[in-house]
Amino acid sequence: VIGLHHFSWHVGSVAVLAMMVLFILAARYPGDFALAAVATAMSTGFAILGIVLAIFGNRALWRTPAPYPWTIIAILGGIGLWLRAGG
């Protein structure tokens, strides 16, 4: 269990860094829509995972930040994609 926890922690850290780099590159190169789309899809996946785990896994997760930041980032990324697409 401890090994899985350490592995998951590091995978999550790398994923967060990857999303950060993708969003920064998407802001720097606005024509590259795919970068923002991938980062938004990643944050949407994390948001869904956090919410599903809080609903079906352990309700105590609602008292942690787990479900919230990802949802906000996914919503903001979606709004950015929608605006960029001409919405």
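**View 1. Thr40 and its contacts.** Leaving aside neighbours within four places in sequence, Thr40 is in contact (heavy atoms within 4.5 Å) with Phe23, Ala74, Gly77, Gly78 and Leu81. Thr40 belongs to helix α2, where helices are DSSP runs of H or I with at least four residues, strands are E runs of at least two, and both are numbered from the N terminus. Thr40 is buried, at a relative accessible area of 7%; buried means under 20%, exposed over 50%, and partly exposed in between, with a 1.4 Å probe and protein chains only. Please keep in mind that this is a predicted model, in which local features need pLDDT of at least 70 and side-chain atom pairs count only at pLDDT 80 or more, while totals for chains, interfaces and linings use all residues. Residues are numbered from 1 along each chain as its sequence is written, and side-chain values use heavy atoms, with hydrogens and water left out.

**View 2. The whole chain, to get your bearings.** The chain has three helices and zero strands, and its elements run α-α-α from the N terminus on. Along its principal axes, the C-alpha trace spans about 45 × 25 × 15 Å. Of the 87 residues, 20% count as buried. Among contacts with a separation of 6 or more, 50% come from residues 24 or more positions apart.

**View 3. Where α2 meets α3.** Helix α2 (residues 33-57) packs against helix α3 (residues 68-84) at an angle of about 150°, and their axes are 8 Å apart. This makes α2 roughly antiparallel to α3, since angles over 145 degrees count that way, under 35 as roughly parallel, 65 to 115 as roughly perpendicular and the rest as oblique. The axes are lines fitted to C-alpha atoms, for helices over the stretch in contact, and angles run from 0 to 180 degrees between N-to-C directions. The crossing of α2 past α3 is left-handed: the near helix is turned anticlockwise from the far one by less than a right angle, and clockwise would be right-handed. On the α2 side look for residues including Phe33, Ala37 and Ile51, and on the α3 side for residues including Trp70, Ile73 and Arg84. The residues of this contact divide into ten nonpolar, six polar and one charged. Here Ala, Val, Leu, Ile, Met, Phe, Trp, Tyr, Cys and Pro count as nonpolar, Asp, Glu, Lys and Arg as charged, and the others, Gly among them, as polar.

**View 4. Where α1 meets α2.** The axes of α1 and α2 come within 8 Å and cross at roughly 145°, and α1 passes α2 in a left-handed crossing. Among the residues in this contact are Ala15, Met19 and Phe23 of α1, with Val38, Met42 and Phe46 of α2. The contact divides into 13 nonpolar, two polar and no charged residues.

View 5. Leu35, in helix α2, is buried with a relative accessible area of 18%. Not counting residues up to four places away in sequence, Leu35 touches Leu22, Leu25 and Ala26, while Leu81 touches Phe33, Ala36, Ala37 and Thr40.
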